[in-house]
Amino acid sequence: MKSAIHRKQLLSLAAFCTLGFAALTAPVTASHAAEDDLGVVLPKMSSERGKDLFTERGCVVCHSVNNVGGDIAPSLDASNLNQSRNPFEFFARMWRGADAMLHLQQADLGYQVDFSGQDLADIFAFTQDADMQERLTQSDLPEHIREIIDNGPSIPGQ
């Protein structure tokens, strides 16, 4: 019984790693969601939608891409060699910064930004797509976001 449970756990881990590898090696604009035998679904990612979310939801207030945006948080340029290409590590980094991000959202936007899983997949796709990032310009920023950047976003702990 114990070896059957252990075998099932190993098979689950192998399936998870295979899916992760497939997601990392597939183009970020894949046209079909991937699903494994366990029912795990990886969403179709759109770097173009990710670009829109990055600007509209206010990520750009603190993070820059293509020299557009704030500088109080790490740049998310795809060319940044220190940036993780692993989506799990990318979101783990976000999680570690969650306290500061929530504070800044409330201070600068007046509300907490809400993201769906699809939103996060699209933002991740944008952070990985150097061609799409090159298209980002100041004119893509909503006026209220531009004003926050121009006035200087809040600094955590102040």
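Reader: How many helices and strands does the protein have, and in what order do the elements run from the N terminus on?
Author: The protein has eight helices and four strands. Read from the N terminus on, these elements follow the order α-β-β-α-α-β-β-α-α-α-α-α.

Reader: What percentage of the contacts between residues at least 6 apart in sequence join residues at least 24 apart?
Author: The chain of this predicted model holds 158 residues, of which 33% count as buried. Among the contacts between residues at least 6 apart in sequence, the share that joins residues at least 24 apart is 62%.

Reader: Are α2 and α6 roughly parallel or roughly perpendicular to each other?
Author: Two packed helices are described by the angle between their axes and the distance between the axes. For α2 and α6 the angle is about 100°, and the axes are 7 Å apart. Angles of 65 to 115 degrees count as roughly perpendicular, and α2 and α6 are therefore roughly perpendicular.

Reader: Which residues make the contact of α2 with α6, and how do they divide by class?
Author: From α2 the contact takes Ser47, Arg49, Gly50, Lys51, Leu53 and Phe54, while α6 brings in Gln118, Asp119, Asp122, Ile123, Ala125 and Phe126. By class, these residues are five nonpolar, three polar and four charged.

Reader: How far apart in space are Leu53 and Asp119, C-alpha to C-alpha?
Author: Leu53 lies in helix α2, which spans residues 47-56, whereas Asp119 has its place in helix α6. Leaving out residues up to four places away in sequence, Leu53 touches Gly58, Asp119, Asp122 and Ile123, and Asp119, on the same terms, touches Arg49, Leu53, Arg57 and Asp114. Although Leu53 and Asp119 are 66 residues apart in sequence, the separation of their C-alpha atoms is 7.3 Å.

Reader: Is Asp119 buried or exposed?
Author: The cut-off for a buried residue is a relative accessible area under 20%. Because the relative accessibility of Asp119 is 4%, Asp119 counts as buried.

Reader: At what angle do α4 and α6 pack, and which residues make the contact?
Author: The axes of α4 and α6 are 11 Å apart and the packing angle is about 105°, so the two helices are roughly perpendicular to each other. The residues of this contact divide into six nonpolar, one polar and no charged. By name they are Pro87, Phe90, Phe91 and Met94 of α4, together with Leu120, Phe124 and Thr127 of α6.

Reader: Which element gives the largest share of the lining of the largest pocket?
Author: About 840 Å³ of space lies in the largest pocket. Of its 32 lining residues, the closest to the centre are His63, Met94, Gly97, Met101 and Gln105. The elements that give two or more residues to the lining are α3 (59-62), α4 (87-96), α5 (98-109) and α6 (117-128). The largest share, eight residues, comes from α5.

Reader: Is Gln133 buried or exposed, and which residues is Gln133 in contact with?
Author: Gln133 is found in helix α7, residues 130-134, and is buried, because its relative accessible area is 4%. Leaving aside neighbours within four places in sequence, the contacts of Gln133 are Val65, Asn66, Leu76, Asp77, Ala78, Phe126 and Thr127.

Reader: What is phi of Asn66, and what is phi of Asn67?
Author: Most residues other than glycine have a negative phi. Asn66 is found in the loop between β3 (64-65) and β4 (68-69), and Asn67 has its place in the loop between β3 and β4 as well. Asn66 is partly exposed, with a relative accessible area of 29%, whereas Asn67 is exposed, with a relative accessible area of 73%. Both have a positive phi, which for Asn66 is near 55° and for Asn67 is near 60°.

Terms used. Residues are numbered from 1 along each chain as its sequence is written. This is a predicted model: local features need pLDDT of at least 70, side-chain atom pairs count only at pLDDT 80 or more; totals for chains, interfaces and linings use all residues. Side-chain values use heavy atoms; hydrogens and water are left out. On a 1 Å grid over the protein atoms alone, a cavity is a set of points where a 1.4 Å probe fits but cannot get out, and a pocket is an open set with protein on both sides within 12 Å along at least five of seven lines; lining residues have an atom within 4 Å of a point. Grid points are joined across faces, edges and corners, and a volume is the space filled by probe spheres set on the points. Axes are lines fitted to C-alpha atoms, for helices over the stretch in contact, and angles run from 0 to 180 degrees between N-to-C directions. Angles under 35 degrees count as roughly parallel, over 145 as roughly antiparallel, 65 to 115 as roughly perpendicular and the rest as oblique. Contact means heavy atoms within 4.5 Å. Ala, Val, Leu, Ile, Met, Phe, Trp, Tyr, Cys and Pro count as nonpolar, Asp, Glu, Lys and Arg as charged, and the others, Gly among them, as polar. Buried means under 20% relative accessible area, exposed over 50%, partly exposed in between (1.4 Å probe, protein chains only).
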